[in-house]
Amino acid sequence: AEDEPVIKWSRNLKRRLEQGRSEEFDQDKIRPMSYRPYYSQWLYDSELFVDERGAADTMFFDGNVSIAISGTGSSKPFQVLASNQVFGVDYLEKTQSLPLCVRVDGTVGDNITDWALKQFRDHYRPGKGKQAQAVTKPAIFHYVYAVLHDPVYRDKYAQNLKREFPRIPLYGDTEVDFLRWAGWGEQLMKLHIGYETVEPWPLTRTDIDDDKARATGQSPKPLLKADKPGGRIVLDSETTLSGIPPEAWDYRLGNRSALEWVLDQYKEKTPRDATIREKFNTYRFADYKEKVIDLLARVTRVSVETQAVVEAMRGQARH
């Protein structure tokens, strides 16, 4: 319906309303959230207003990192993306979280078990009676992140990854093999978590005045369209970004490239609810245009460098 509310009155929220529960606004509950790939929002992290917090407190805390993967039963191609912020089930698709550490009753511990550490160290043992000291739990975490990006692995097990939890192969049999994959994983994780601080890709910006819009005192019409064959992004009726390398479009999460995720999130969308539309329909792309240009240049860098790592993986022997 046209006036359908945007609040999703789930069973939990209805029950809390019937119970007459309320709470005072708390500034400390506002925290950054990875809402969609390469797009953050502010979350009011309240036990009252967040429908299902689940085990969020065990994995989403300062200093921790989680690997997000698309869950079993996903319709889109397998997705993986690390974050050091809280994220929800729709971050990717039916998202599941694999944190480096977990916090239980205020105590932080490793999420990678000692048993798993032993399996890796036994496999990559450098010599008889020696321990693989380079094989650590953080290095295993990076190794897993690399394997989940491996194009050969993802092609071979594409159907399995839609139906079941990923299984991690042990590539090679030396510490050198392990460290190569762990290094790739660490490189990818730094790119993906630090995407807002990487060096921007040198895109070319072209501005042609929209005289018609300017004459009426309006902002240029927002478009946010990707022109992949032309290596361009048309931001609005005045501004175009060009010089996007073809490989940047190849870095995809689900059915979209990382760049297209950014474009989609910054489009102007009219709220369906009449009251919300009247009082809170204040978002205008023009207010965020410079921020988006900067973000697109950085995500282009992330995309190109991610694809370079992925292609290096493709040429790696596996045995």
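Does Arg53 count as buried or exposed, and at what relative accessibility? At 17% relative accessibility, Arg53 counts as buried. Here buried means under 20% relative accessible area, exposed over 50%, and partly exposed in between (1.4 Å probe, protein chains only).

The model is predicted: local features need pLDDT of at least 70, side-chain atom pairs count only at pLDDT 80 or more, and totals for chains, interfaces and linings use all residues. Residues are numbered from 1 along each chain as its sequence is written, and side-chain values use heavy atoms, with hydrogens and water left out.

Arg53 pairs with Asp45 in a salt bridge, and their closest N and O atoms are 2.9 Å apart. A salt bridge is a side-chain nitrogen of Lys or Arg within 4 Å of a carboxyl oxygen of Asp or Glu. Asp45 is buried too, at a relative accessible area of 14%. A network of salt bridges links Arg31, Asp45, Arg53 and Asp57. The count by this rule comes to 23 salt bridges.

Another salt bridge joins Asp122 and Arg125, with 2.6 Å between the closest N and O atoms. Asp122 is partly exposed, at 30% relative accessible area. Arg125 is partly exposed as well, at 29%. A further salt bridge joins Lys289 to Asp236, with the closest N and O atoms 2.8 Å apart. Lys289 lies in helix α12 and Asp236 in strand β11 (residues 232-236), so the pair ties together parts 53 residues apart in sequence. Helices (H or I, at least four residues) and strands (E, at least two) are DSSP runs, numbered from the N terminus. Lys289 is buried at 10% relative accessible area, and Asp236 is buried at 4%.

The largest core has 76 residues, and Tyr38, Ile67, Tyr143, Phe178 and Leu296 touch the most other members. Beyond residues up to four places away in sequence, Leu296 touches Leu203, Ile233, Leu235, Leu241, Leu259, Val262 and Leu263. Contact means heavy atoms within 4.5 Å.

Phe178 is among the buried residues of helix α7, as are Trp181 and Trp184. The buried residues of α7 pack against β3 (66-69), β4 (80-83), α3 (114-123), α4 (137-149) and α12.

Terms used
A nonpolar core is a set of buried Ala, Val, Leu, Ile, Met, Phe, Trp, Tyr and Cys residues joined through side-chain atoms within 4.5 Å.
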